[in-house]
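I opened this notebook to record what I looked up in one model. The entries follow the order in which I consulted it.

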Amino acid sequence: MICPMHDRFSPTNQVMVNGHAITISAPSDRAIVERVCAFIDRKIAENDWSPYSTKEAALRSWAKPEGIRKAVLKAKGLI
């Protein structure tokens, strides 16, 4: 579940994912967090890791760069 911690944007704005706060640096990052959550949830529900051969390979690849995707994976307990 995603919910804002602040009504107005400030440099310390955060989005909650599974009880974990993800700090965002711009108002548009909130939409990115939502898209990444939906993407990960869909991959898990469908057990579809393409173009990767396994879930582990997909998670390794997605977790490489620092950023929102890695923060979402951590919040969801996948890495």
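Which are the buried residues of helix α2 (residues 55-62)? I found Ala-57, Ala-58, Leu-59 and Trp-62 to be the buried residues of α2. I used "buried" for under 20% relative accessible area, "exposed" for over 50% and "partly exposed" for values in between, with a 1.4 Å probe and protein chains only.

**Basis of the entries**

I note that this is a predicted model: local features need pLDDT of at least 70, side-chain atom pairs count only at pLDDT 80 or more, and totals for chains, interfaces and linings use all residues. Residues are numbered from 1 along each chain as its sequence is written, and side-chain values use heavy atoms, with hydrogens and water left out.

**Overall layout**

I looked up the secondary structure and found three helices and three strands in the protein chain. Helices (H or I, at least four residues) and strands (E, at least two) are DSSP runs, numbered from the N terminus. The pattern I read along the sequence is β-β-β-α-α-α. The protein chain has 79 residues, and 32% of them are buried. I then turned to contacts, defined by heavy atoms within 4.5 Å. Among contacts between residues at least 6 apart in sequence, 30% join residues at least 24 apart.

**Packing of the helices**

I asked next what the buried residues of α2 pack against. Their partners are α1 (29-46) and α3 (68-75). In α3, I listed Ile-68, Lys-70, Val-72, Leu-73 and Ala-75 as buried. The buried residues of α3 pack against β2, β3, α1 and α2.

How do the axes of α1 and α3 cross? They come within 10 Å and cross at roughly 55°. Axes here are lines fitted to C-alpha atoms, for helices over the stretch in contact, and angles run from 0 to 180 degrees between N-to-C directions. The two helices are therefore oblique to each other; angles under 35 degrees count as roughly parallel, over 145 as roughly antiparallel, 65 to 115 as roughly perpendicular and the rest as oblique. I recorded the crossing of α1 and α3 as right-handed, the near helix being turned clockwise from the far one by less than a right angle.

On the α1 side, the contact is made by Asp-29, Ile-32, Val-33, Val-36, Cys-37 and Ile-40. On the α3 side, Ile-68, Arg-69, Val-72 and Leu-73 take part.

I looked up how β2 (residues 14-17) is joined to β3 (residues 20-23) and found four bridges, with the strands running antiparallel. Two strands pair if DSSP finds at least two bridges between them. Val-17 has His-20 as its bridge partner in β3, and Met-16 stands opposite Ala-21. Two residues lie between the strands of this hairpin, where Asn-18 takes a positive phi near 50°.

**Backbone entries**

Asn-18 is not a glycine, although its phi is positive. I located Asn-18 in the loop between β2 and β3, and at 41% relative accessibility Asn-18 counts as partly exposed.

Asn-47, likewise a residue other than glycine, has a positive phi near 50°. Asn-47 is found in the loop between α1 and α2. Is Asn-47 buried or exposed? At 57% relative accessibility, Asn-47 counts as exposed.

The loop between α1 and α2 also holds Pro-51. The peptide bond from Ser-50 to Pro-51 is cis, with omega near 10°.

**After α3**

I noted Gly-77 following α3, with a positive phi near 70°. Leu-78 is in the segment after α3 and is partly exposed, its relative accessible area being 22%. Which residues is Leu-78 in contact with, leaving aside its neighbours within four places in sequence? I found Ile-40, Ile-44, Lys-55, Leu-59 and Leu-73. Leu-78 and Leu-59 are 19 residues apart in sequence, and their C-alpha atoms are 7.5 Å apart in space. Leu-59 is one of the buried residues of α2.
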